[in-house]
Amino acid sequence: MAGAVGGELSGTGAVLGLVPSGRGNDFARALGLPGDPRALAEVLLHGSPRRVDTIAVASAAHGGVSVLGSVYAGVDAVANRHANRSRLLRGSASYYAGGLRAVAAWRPAAYRITVDGALLERHGYTVVAANSGFYGFGRLIAPDARVDDGLLDVVVVRDAPKRLFFTMMNELKTGAHLARPQVEVVRGREIRIEADRGLPYGADGEVDAALPVTVRVQPGALNVLA
C-alpha cells in the first residue's frame, strides 16, 4: 500500500504520511518512524517534510510505475508471491513459509545485470535493486542503502548450496549476509535485469510481472513526514 500510494505521489510535490499498520512496514522502518502511536502522531502532525528518492520501474509486461523500497527478481519474488497468496499465515510467518517453499523448488538462474551501462553476468538466486535497506518484513537485504542518496544498491546473491542459502536467509535479520563471498553489492542509478527464463520480479510487495525489467532512481522525488 505504501509503495502504491507513494509511487503515485512521486514527483507531484505532495507530502506523504505513513501509519505503519500493515504486514511488512519496511519503508516506514527505513524512515525510522516510531511504533508508539503518540510518538507517530507527533511526527504526522508536526514533522517537517523530508525529500526521499523513489524508483521508476519499467517493463514490457507491466508498463511503467514508481515504487519506494525495492525491486527484486528471483527466489524472493517467488517467495513473496507465495506469501501474498497465503490464507493461513500472516506477518513474518507468511514470508518465512513462502521462502522455504520457494527455495526448495528453486534452480539457479543466469542473470544479465546492466548497471549504468556496465554488464554483469551472474548465476544465482536473486538480484535486488534497493532504495530502502529493508524488505520482506524487516529483512536487511541492503544494509548500506539510503533513501536519499540518489543511488540504488544492487544486491546479487550468487549460486550456493541450498543449505547455505537457508543460513543466509537468517543472516538477513542483521545484514551479516554481506560477509558471504556469494553476496555482491554494486551501486548505480539505472539497472536492467534480465535472465535466462521469465522469472517473476516484485516491486514493494507486489509480484505480477516477469523479467526483463529496467529500474531507475528518481532523486528526491517524494516528500515524506519522518
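**Entry 1: strand β9.** I began with strand β9, residues 152–158. Six of its seven residues are buried, so the rest of the structure largely encloses it. Buried here means under 20% relative accessible area with a 1.4 Å probe, protein chains only. Strands are DSSP runs of E with at least two residues, and helices are runs of H or I with at least four, numbered from the N terminus. I note that this is a predicted model: local features need pLDDT of at least 70, side-chain atom pairs count only at pLDDT 80 or more, and totals for chains, interfaces and linings use all residues. Residues are numbered from 1 along each chain as its sequence is written, and side-chain values use heavy atoms, leaving out hydrogens and water.

**Entry 2: partners of β9.** I looked up what β9 pairs with. Two strands pair if DSSP finds at least two bridges between them. Strand β6, residues 118–130, runs antiparallel to β9 and is joined to it by six bridges. Strand β10, residues 183–188, also pairs with β9 in the antiparallel sense, over six bridges. I then followed valine 155 of β9. Valine 128 stands opposite valine 155. In β10, valine 155 has valine 185 as its bridge partner.

**Entry 3: nonpolar cores.** I counted a core as a set of buried Ala, Val, Leu, Ile, Met, Phe, Trp, Tyr and Cys residues joined through side-chain atoms within 4.5 Å. The largest core has 50 residues, and Tyr111, Ile113 and Val215 have the most contacts inside it. β6 gives the most to this core, with six residues. A second, separate core has 14 residues, including Val52 and Leu225.

**Entry 4: the β12–β13 hairpin.** β12 and β13 run antiparallel, joined by three bridges. They form a hairpin with two residues between them. Aspartate 204, in the turn, has a positive phi of about 55°. Alanine 203 stands opposite glutamate 206 in β13.

**Entry 5: the second largest pocket.** I used a 1 Å grid over the protein atoms alone; a pocket is an open set of points with protein on both sides within 12 Å along at least five of seven lines, and lining residues have an atom within 4 Å of a point. The second largest pocket has a volume of about 270 Å³, the space filled by probe spheres set on the points. Its lining has 16 residues, and Ala203 and Glu206 are among those nearest its centre. α1 (2–9), β3 (63–67), β12 (200–203) and β13 (206–210) each supply at least two lining residues. α1 gives the most, with four.

Conventions. On a 1 Å grid over the protein atoms alone, a cavity is a set of points where a 1.4 Å probe fits but cannot get out, and a pocket is an open set with protein on both sides within 12 Å along at least five of seven lines; lining residues have an atom within 4 Å of a point.
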